[in-house]
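Work through the exercises below with the sequence and the 3D structure at hand. Each task is followed by its solution in steps.

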Amino acid sequence: MPLEFPPQLIEILRSAKSIAILTGAGISAESGVPTFREAQTGLWAQYDPTELATPEAFRRNPKLVWEWYEWRRALVAKASPNPGHVALANLESQLTARGSRFTLITQNVDGLHQRAGSQNIVELHGNVWRTKCFDEDVVVDSWPDTNEAPPHCPHCNGLLRPDVVWFGEPLPRPALDAAVDAAQSCDAFFSIGASSLVHPAASLPYLAIERGALTVEINPDETPLTRAMTHSLRGKAGEILPALLKALSL
Ligand code: APR
(Lines give C-alpha, C1' and ligand atoms only; values in the text may rest on other atoms or scores of the structure.)
Protein backbone atom coordinates (compact mmCIF):
# COMPACT_ATOMS: atom_id res chain seq x y z
CA MET A 1 0.00 0.00 0.00
CA PRO A 2 1.76 3.21 -1.15
CA LEU A 3 2.49 5.71 1.61
CA GLU A 4 0.15 8.74 1.66
CA PHE A 5 1.64 12.20 2.23
CA PRO A 6 -0.20 15.38 3.30
CA PRO A 7 -1.02 17.32 0.08
CA GLN A 8 0.36 20.50 1.71
CA LEU A 9 3.73 18.77 2.11
CA ILE A 10 3.87 17.78 -1.55
CA GLU A 11 2.78 21.23 -2.73
CA ILE A 12 5.34 23.11 -0.64
CA LEU A 13 8.16 20.71 -1.56
CA ARG A 14 7.32 21.09 -5.23
CA SER A 15 7.61 24.89 -5.02
CA ALA A 16 10.30 25.19 -2.30
CA LYS A 17 13.14 27.54 -3.20
CA SER A 18 15.31 26.30 -0.33
CA ILE A 19 15.27 23.00 1.54
CA ALA A 20 17.36 22.09 4.60
CA ILE A 21 17.71 18.51 5.79
CA LEU A 22 19.17 17.45 9.16
CA THR A 23 20.10 13.77 9.47
CA GLY A 24 21.11 11.74 12.50
CA ALA A 25 22.32 8.21 13.10
CA GLY A 26 18.85 6.84 12.31
CA ILE A 27 19.31 7.33 8.57
CA SER A 28 22.30 4.98 8.68
CA ALA A 29 20.52 2.39 10.85
CA GLU A 30 19.17 0.56 7.76
CA SER A 31 22.73 0.36 6.46
CA GLY A 32 23.57 -1.70 9.53
CA VAL A 33 25.49 1.09 11.27
CA PRO A 34 24.34 1.05 14.92
CA THR A 35 22.84 4.34 16.06
CA PHE A 36 24.80 6.19 18.68
CA ARG A 37 22.52 5.14 21.50
CA GLU A 38 22.05 1.54 20.42
CA ALA A 39 23.91 -1.04 22.47
CA GLN A 40 27.40 -1.55 21.20
CA THR A 41 28.40 -5.06 20.21
CA GLY A 42 31.26 -7.45 20.79
CA LEU A 43 34.40 -6.21 22.49
CA TRP A 44 32.95 -2.70 22.69
CA ALA A 45 29.69 -3.71 24.39
CA GLN A 46 31.34 -2.96 27.75
CA TYR A 47 31.96 0.67 26.83
CA ASP A 48 29.55 3.59 26.72
CA PRO A 49 30.25 5.61 23.53
CA THR A 50 29.86 8.85 25.47
CA GLU A 51 32.76 7.64 27.65
CA LEU A 52 35.00 6.97 24.65
CA ALA A 53 34.18 9.92 22.39
CA THR A 54 35.84 12.56 24.59
CA PRO A 55 39.24 14.32 24.63
CA GLU A 56 39.69 13.15 28.22
CA ALA A 57 39.24 9.49 27.19
CA PHE A 58 41.78 10.01 24.41
CA ARG A 59 44.33 11.61 26.76
CA ARG A 60 43.76 8.82 29.31
CA ASN A 61 43.93 5.94 26.84
CA PRO A 62 44.69 7.04 23.25
CA LYS A 63 45.17 3.43 22.09
CA LEU A 64 41.68 2.38 23.27
CA VAL A 65 39.96 5.36 21.65
CA TRP A 66 41.92 5.00 18.39
CA GLU A 67 41.08 1.26 18.21
CA TRP A 68 37.40 1.99 18.88
CA TYR A 69 37.35 4.29 15.85
CA GLU A 70 39.25 1.68 13.78
CA TRP A 71 36.41 -0.72 14.70
CA ARG A 72 33.78 1.87 13.73
CA ARG A 73 35.56 2.60 10.41
CA ALA A 74 35.63 -1.15 9.68
CA LEU A 75 31.88 -1.34 10.46
CA VAL A 76 31.10 1.58 8.17
CA ALA A 77 33.40 0.30 5.41
CA LYS A 78 31.24 -2.85 5.28
CA ALA A 79 28.03 -0.77 5.16
CA SER A 80 26.46 0.69 2.03
CA PRO A 81 24.23 3.69 1.56
CA ASN A 82 20.59 2.58 1.97
CA PRO A 83 17.53 3.77 -0.03
CA GLY A 84 17.13 6.68 2.40
CA HIS A 85 20.62 8.04 1.62
CA VAL A 86 20.05 7.48 -2.11
CA ALA A 87 16.64 9.19 -2.10
CA LEU A 88 18.18 12.29 -0.47
CA ALA A 89 20.91 12.39 -3.14
CA ASN A 90 18.26 12.10 -5.89
CA LEU A 91 16.07 14.75 -4.24
CA GLU A 92 19.05 17.11 -4.11
CA SER A 93 19.91 16.64 -7.79
CA GLN A 94 16.27 17.10 -8.88
CA LEU A 95 15.69 20.21 -6.74
CA THR A 96 19.02 21.87 -7.58
CA ALA A 97 18.41 21.15 -11.29
CA ARG A 98 15.35 23.40 -11.06
CA GLY A 99 17.32 26.08 -9.21
CA SER A 100 16.36 25.36 -5.60
CA ARG A 101 18.92 25.51 -2.78
CA PHE A 102 19.44 22.16 -1.01
CA THR A 103 21.54 21.77 2.15
CA LEU A 104 22.15 18.41 3.79
CA ILE A 105 23.27 18.91 7.40
CA THR A 106 24.40 15.70 9.04
CA GLN A 107 25.41 14.69 12.56
CA ASN A 108 26.72 11.43 11.16
CA VAL A 109 30.41 10.83 10.73
CA ASP A 110 30.13 7.70 8.54
CA GLY A 111 30.47 9.33 5.11
CA LEU A 112 27.47 7.38 3.73
CA HIS A 113 25.78 10.53 2.38
CA GLN A 114 28.90 11.23 0.28
CA ARG A 115 28.93 7.64 -0.99
CA ALA A 116 25.24 7.95 -1.94
CA GLY A 117 26.09 10.97 -4.12
CA SER A 118 24.90 13.89 -1.98
CA GLN A 119 26.83 17.06 -2.81
CA ASN A 120 26.09 20.01 -0.54
CA ILE A 121 26.83 18.34 2.81
CA VAL A 122 27.47 20.16 6.09
CA GLU A 123 29.29 17.80 8.50
CA LEU A 124 28.38 19.06 11.97
CA HIS A 125 30.31 16.35 13.81
CA GLY A 126 33.17 15.68 11.36
CA ASN A 127 33.95 12.48 9.52
CA VAL A 128 35.63 9.27 10.72
CA TRP A 129 37.38 8.96 7.35
CA ARG A 130 39.40 12.12 8.09
CA THR A 131 42.27 12.14 10.61
CA LYS A 132 43.82 15.14 12.35
CA CYS A 133 46.67 15.91 14.75
CA PHE A 134 45.47 16.05 18.36
CA ASP A 135 47.98 18.81 19.16
CA GLU A 136 47.94 20.96 16.01
CA ASP A 137 44.23 20.38 15.19
CA VAL A 138 44.98 20.14 11.46
CA VAL A 139 43.86 17.38 9.09
CA VAL A 140 46.63 14.88 8.24
CA ASP A 141 46.15 12.98 4.98
CA SER A 142 49.00 10.51 5.30
CA TRP A 143 51.51 9.24 7.81
CA PRO A 144 54.18 6.48 7.90
CA ASP A 145 52.55 3.06 8.34
CA THR A 146 54.16 2.06 11.64
CA ASN A 147 51.20 0.06 13.03
CA GLU A 148 51.24 2.37 16.05
CA ALA A 149 47.82 2.94 17.64
CA PRO A 150 47.35 5.86 17.47
CA PRO A 151 49.93 6.85 14.84
CA HIS A 152 52.09 9.95 15.31
CA CYS A 153 51.73 13.21 13.42
CA PRO A 154 54.38 13.44 10.65
CA HIS A 155 54.72 17.19 11.33
CA CYS A 156 54.98 17.47 15.13
CA ASN A 157 55.10 13.84 16.30
CA GLY A 158 51.94 14.45 18.34
CA LEU A 159 49.18 11.81 18.38
CA LEU A 160 46.73 11.50 15.50
CA ARG A 161 42.98 11.29 16.20
CA PRO A 162 39.79 11.00 14.13
CA ASP A 163 38.51 14.33 12.76
CA VAL A 164 35.20 14.02 14.61
CA VAL A 165 33.61 16.25 17.26
CA TRP A 166 33.86 14.64 20.71
CA PHE A 167 31.57 15.32 23.63
CA GLY A 168 32.62 18.56 25.27
CA GLU A 169 34.23 19.89 22.07
CA PRO A 170 32.86 22.78 20.04
CA LEU A 171 31.38 22.11 16.60
CA PRO A 172 33.43 23.35 13.63
CA ARG A 173 32.40 27.03 13.31
CA PRO A 174 32.07 27.07 9.49
CA ALA A 175 29.80 23.98 9.58
CA LEU A 176 27.62 25.39 12.37
CA ASP A 177 27.32 28.76 10.60
CA ALA A 178 26.32 27.04 7.34
CA ALA A 179 23.75 24.90 9.17
CA VAL A 180 22.22 27.90 10.98
CA ASP A 181 22.10 29.88 7.72
CA ALA A 182 20.34 27.00 5.92
CA ALA A 183 17.82 26.52 8.76
CA GLN A 184 17.07 30.24 8.93
CA SER A 185 16.52 30.64 5.21
CA CYS A 186 14.67 27.48 4.16
CA ASP A 187 11.05 27.01 3.06
CA ALA A 188 11.10 23.39 4.23
CA PHE A 189 13.17 21.69 6.96
CA PHE A 190 13.42 17.94 7.57
CA SER A 191 14.79 16.24 10.70
CA ILE A 192 15.49 12.62 9.74
CA GLY A 193 16.75 9.88 12.07
CA ALA A 194 17.76 12.28 14.83
CA SER A 195 16.86 11.86 18.49
CA SER A 196 16.96 15.66 18.90
CA LEU A 197 18.76 15.27 22.23
CA VAL A 198 22.15 16.75 21.37
CA HIS A 199 22.56 20.50 20.93
CA PRO A 200 23.33 22.66 19.04
CA ALA A 201 22.12 20.36 16.23
CA ALA A 202 18.80 19.83 18.02
CA SER A 203 18.10 23.56 17.98
CA LEU A 204 18.33 23.87 14.18
CA PRO A 205 14.72 22.76 13.54
CA TYR A 206 13.50 25.51 15.88
CA LEU A 207 15.26 28.11 13.75
CA ALA A 208 13.25 26.82 10.76
CA ILE A 209 10.03 26.87 12.81
CA GLU A 210 10.70 30.49 13.84
CA ARG A 211 11.17 31.32 10.18
CA GLY A 212 7.75 29.83 9.42
CA ALA A 213 9.15 27.02 7.27
CA LEU A 214 7.25 23.78 6.77
CA THR A 215 8.95 21.32 9.13
CA VAL A 216 8.90 17.53 8.87
CA GLU A 217 10.28 14.82 11.14
CA ILE A 218 10.95 11.28 9.86
CA ASN A 219 11.52 8.82 12.71
CA PRO A 220 9.97 5.51 13.83
CA ASP A 221 9.76 6.96 17.34
CA GLU A 222 8.56 10.20 18.91
CA THR A 223 11.28 12.67 19.90
CA PRO A 224 11.27 15.92 21.91
CA LEU A 225 10.89 17.65 18.54
CA THR A 226 7.81 15.78 17.32
CA ARG A 227 5.09 18.07 18.69
CA ALA A 228 6.73 21.20 17.31
CA MET A 229 6.90 19.94 13.71
CA THR A 230 4.31 20.64 10.98
CA HIS A 231 4.33 16.95 10.01
CA SER A 232 5.72 13.90 11.79
CA LEU A 233 6.10 10.90 9.45
CA ARG A 234 6.35 7.89 11.72
CA GLY A 235 8.53 5.25 10.05
CA LYS A 236 11.89 4.31 8.61
CA ALA A 237 13.83 6.78 6.49
CA GLY A 238 14.72 4.02 4.01
CA GLU A 239 11.00 3.49 3.31
CA ILE A 240 9.53 6.99 3.63
CA LEU A 241 12.11 8.93 1.60
CA PRO A 242 11.88 6.85 -1.60
CA ALA A 243 8.07 7.01 -1.35
CA LEU A 244 8.21 10.79 -0.83
CA LEU A 245 10.48 11.21 -3.86
CA LYS A 246 7.99 9.17 -5.91
CA ALA A 247 5.02 11.19 -4.62
CA LEU A 248 6.84 14.40 -5.62
CA SER A 249 7.55 12.95 -9.09
CA LEU A 250 9.45 16.12 -9.92
N1 APR B 1 14.83 5.70 10.13
C2 APR B 1 14.71 6.90 10.76
N3 APR B 1 15.06 7.10 12.06
C4 APR B 1 15.52 6.02 12.75
C5 APR B 1 15.66 4.74 12.17
C6 APR B 1 15.29 4.60 10.80
N7 APR B 1 15.38 3.42 10.17
N8 APR B 1 16.14 3.89 13.12
C9 APR B 1 16.30 4.62 14.25
N10 APR B 1 15.91 5.90 14.03
C11 APR B 1 15.91 7.02 14.97
C12 APR B 1 15.80 6.65 16.42
O13 APR B 1 14.42 6.55 16.78
C14 APR B 1 16.48 7.84 17.10
O15 APR B 1 15.54 8.88 17.34
O16 APR B 1 17.18 7.63 14.85
C17 APR B 1 17.48 8.32 16.05
C18 APR B 1 18.90 8.00 16.43
O19 APR B 1 19.22 8.73 17.59
P20 APR B 1 20.71 8.73 18.20
O21 APR B 1 21.22 7.34 18.25
O22 APR B 1 20.65 9.59 19.42
O23 APR B 1 21.56 9.45 17.08
P24 APR B 1 21.67 10.99 16.84
O25 APR B 1 20.36 11.69 17.03
O26 APR B 1 22.34 11.15 15.53
O27 APR B 1 22.69 11.46 17.99
C28 APR B 1 23.07 12.77 17.93
O29 APR B 1 24.76 12.73 19.52
O30 APR B 1 25.58 10.93 20.31
C31 APR B 1 25.98 12.09 19.72
O32 APR B 1 27.56 12.80 18.13
C33 APR B 1 26.61 11.83 18.40
O34 APR B 1 25.88 12.51 16.22
C35 APR B 1 25.45 11.96 17.44
C36 APR B 1 24.55 12.92 18.16
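**Exercise 1: an exposed lysine**

K246 is exposed, with a relative accessible area of 70%; exposed means over 50% relative accessible area, buried under 20%, and partly exposed in between (1.4 Å probe, protein chains only). This is a predicted model, in which local features need pLDDT of at least 70, side-chain atom pairs count only at pLDDT 80 or more, and totals for chains, interfaces and linings use all residues. Residues are numbered from 1 along each chain as its sequence is written, and side-chain values use heavy atoms, with hydrogens and water left out.

Task: state which helix holds K246.

Solution. K246 belongs to helix α10. Helices (H or I, at least four residues) and strands (E, at least two) are DSSP runs, numbered from the N terminus. From the C-alpha atom of K246 to that of A116, 130 residues apart along the chain, the separation is 18 Å.

**Exercise 2: the two sides of α1**

Task: find which residues of helix α1 (residues 7-15) are buried, and where they sit around the axis.

Solution. Step 1: the buried residues are L9, I10 and L13. Step 2: they lie on the same side of α1, because they cover an arc of only 95 degrees around the axis; the arc is that of the directions from the helix axis to the C-beta atoms. Step 3: P7 and E11, on the other side of α1, are exposed.

**Exercise 3: α1 against α10**

Task: describe how α1 and α10 pack.

Solution. Two packed helices are described by the angle between their axes and the distance between the axes. Step 1: the angle is about 75 degrees, and the axes are 10 Å apart. Axes are lines fitted to C-alpha atoms, for helices over the stretch in contact, and angles run from 0 to 180 degrees between N-to-C directions. Step 2: α1 is therefore roughly perpendicular to α10, a term for angles of 65 to 115 degrees. Step 3: L9, I10, L13 and R14 of α1 meet L244, A247 and L248 of α10, where contact means heavy atoms within 4.5 Å. The residues of this contact divide into six nonpolar, no polar and one charged. Here Ala, Val, Leu, Ile, Met, Phe, Trp, Tyr, Cys and Pro count as nonpolar, Asp, Glu, Lys and Arg as charged, and the others, Gly among them, as polar.

**Exercise 4: the largest nonpolar core**

Task: say how many residues the largest nonpolar core has.

Solution. A nonpolar core is a set of buried Ala, Val, Leu, Ile, Met, Phe, Trp, Tyr and Cys residues joined through side-chain atoms within 4.5 Å. Step 1: the largest has 29 residues, and L9, F190, I192 and I218 have the most contacts inside it. Step 2: α10 gives the largest share of this core, seven residues. Step 3: not counting residues up to four places away in sequence, L9 touches F190, L214, V216, H231, L233 and L244.

Definitions and conventions. Angles under 35 degrees count as roughly parallel, over 145 as roughly antiparallel, 65 to 115 as roughly perpendicular and the rest as oblique.
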